[in-house]
Amino acid sequence: MTIYLPAPAIVLIGLPPQTPKGELWSILIAALLLYKRKSKKFIELYKKRYIIRVVQNSPLGVGGKLIPSFTNTTSMDVKMEASWKEVLEEEFKKPYFKQIAEHLKTEKAQGKTIYPPGPLIFNAFDKTPFDNVKVVILGQDPYHNPGQAMGLSFSVPDGVQPPPSLMNIFKELHDDIGVPMPKTGNLTPWAKQGVLLLNASLTVRANEPMSHSKIGWHLFTDTVIEKISLLKEHIVFLLWGKFAQEKTAIIDTKKHYILKAAHPSPLSAKNGFFGCRHFSKTNDYLVKHKVDPIDWAL
């Protein structure tokens, strides 16, 4: 049996189904009194969003130990760099975000493999704090093959062969500013300099491209783009392909610099990605606005 306390929004769990009604009321009253009296213990519970496991045969039926709220909730335990967590705090409370968490939890329970691994879902935010963002490179979907996705758009871990789109990015980078062809596809050094490598969907089922494109991630990542546009200035947005370019509608073009080109995929790179010179144009703009340029070498 689970009891929800309306005032402090704390959950009491673990009550046996046969618990007498009188005892239930005693438990609720005791818990609410603790809350009303501003009990330190209860305030800490509230702030940390913990729940109380009720233990039988304790005074008034209330007792036990604290356990993480994740054990009885479908909301996501979001571990994210502090500045981003502050900017996006309201999003984590919205129904669509809870639905994302529930969807991922259900698929995990069904034995589905999801990429990237859980700790890397918000890797782009961890590697590029909000205050450090200078450039945004928008991807569409994480890589769906084993060992590739690492939570940064277009990037793969060290030791993994760069996919064709990333190889085309490196070719354009070399032709544009003469950077030697990198020996790794890990773009973390870019992220640490302020290049937000953001996918529109932050997860995907193994071997099923676009499988999480309609579970709510776009609402979240659109908000990310909107927050950057609203709260920052002189950001360079690299929008490659039709999908990315649709995001122009939520970017303030008077404050920011948008560069558009075809997607670097082998299917389209020859239609305008090669020769776009986005890497040199990005640095020219940053320097013009007294922002340190990106060292694109890996």
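## Confidence in the model

pLDDT is the predictor's confidence in each residue, from 0 to 100. This structure is a predicted model, where local features need pLDDT of at least 70, side-chain atom pairs count only at pLDDT 80 or more, and totals for chains, interfaces and linings use all residues. Residues are numbered from 1 along each chain as its sequence is written, and side-chain values use heavy atoms, with hydrogens and water left out.

The protein has a mean pLDDT of 83. A pLDDT of 70 or more is reached by 74% of its residues. Residues 1–17 stay under 50. For them the model has 53 contacts (heavy atoms within 4.5 Å) beyond four places in sequence. Over residues 38–75 the pLDDT is also below 50. That stretch has 75 contacts in the model beyond near neighbours in sequence. Where pLDDT is low, the predicted coordinates should not be read in detail.

## The whole protein

The protein has 10 helices and 10 strands. Both are DSSP runs, numbered from the N terminus: helices are H or I with at least four residues, and strands are E with at least two. Take the contacts between residues at least 6 apart in sequence: 64% of them join residues at least 24 apart.

Of the 298 residues, 50% are buried. Buried means under 20% relative accessible area, exposed means over 50%, and partly exposed lies in between (1.4 Å probe, protein chains only). The accessible surface comes to about 15500 Å². Carbon and sulfur atoms hold 55% of that surface. Such areas come from the Shrake-Rupley method with a 1.4 Å probe, and for residues only the protein chains shown count as cover.

## Helix 6 against helix 10

Two packed helices are described by the angle between their axes and the distance between the axes. Helix 6 spans residues 164–177, and helix 10 spans residues 278–288. They pack at an angle of about 60 degrees, with axes 8 Å apart. Axes are lines fitted to C-alpha atoms, for helices over the stretch in contact, and angles run from 0 to 180 degrees between N-to-C directions. The two helices are therefore oblique to each other. Angles under 35 degrees count as roughly parallel, over 145 as roughly antiparallel, 65 to 115 as roughly perpendicular, and the rest as oblique.

Which residues meet? Ile169, Glu172, Leu173, Asp176 and Ile177 come from helix 6, and His278, Phe279 and Ser280 come from helix 10. By class, the contact has 4 nonpolar, 2 polar and 2 charged residues. Here Ala, Val, Leu, Ile, Met, Phe, Trp, Tyr, Cys and Pro count as nonpolar, Asp, Glu, Lys and Arg as charged, and the others, Gly among them, as polar.

Glu172 sits in helix 6. Is Glu172 buried or exposed? Glu172 is buried, with a relative accessible area of 1%. Setting aside neighbours within four places in sequence, Glu172 is in contact with Phe273, Phe274, Gly275, Cys276, Arg277 and Phe279. Glu172 and Gly275 are 103 residues apart in sequence, yet their C-alpha atoms are 6.8 Å apart.

## Around helix 10

Several residues of helix 10 are buried, including His278, Phe279, Tyr285 and Leu286. Their cover includes strand 6 (135–139), helix 6, helix 7 (188–192), strand 9 (236–240) and strand 10 (257–261).

Thr282 also lies in helix 10. Thr282 is buried, at 0% relative accessible area. Not counting residues up to four places away, Thr282 touches Val135, Val236, Leu238, Leu259 and Trp296. After helix 10 comes Lys290, with a positive phi near 60 degrees.

## Along helix 8

Helix 8 covers residues 217–231 and holds Thr223. Thr223 is buried, with a relative accessible area of 12%. Beyond four places in sequence, Thr223 is in contact with Leu88, Glu91 and Tyr96.

Leu230 is in helix 8 too. At 61% relative accessibility, Leu230 counts as exposed. Leu230 and Ile251 are 21 residues apart along the chain, and 8.1 Å separates their C-alpha atoms.

Most residues other than glycine have a negative phi, and most peptide bonds are trans. Met210 has a positive phi, near 65 degrees. Met210 lies in the loop between strand 8 (204–205) and helix 8, and is partly exposed at 32%. His234 has a positive phi of about 60 degrees. His234 lies in the loop between helix 8 and strand 9, and is partly exposed at 27%.

A cis peptide bond joins Tyr115 and Pro116, with omega about -5 degrees. Pro116 is in the loop between strand 5 (114–115) and helix 5 (123–127).
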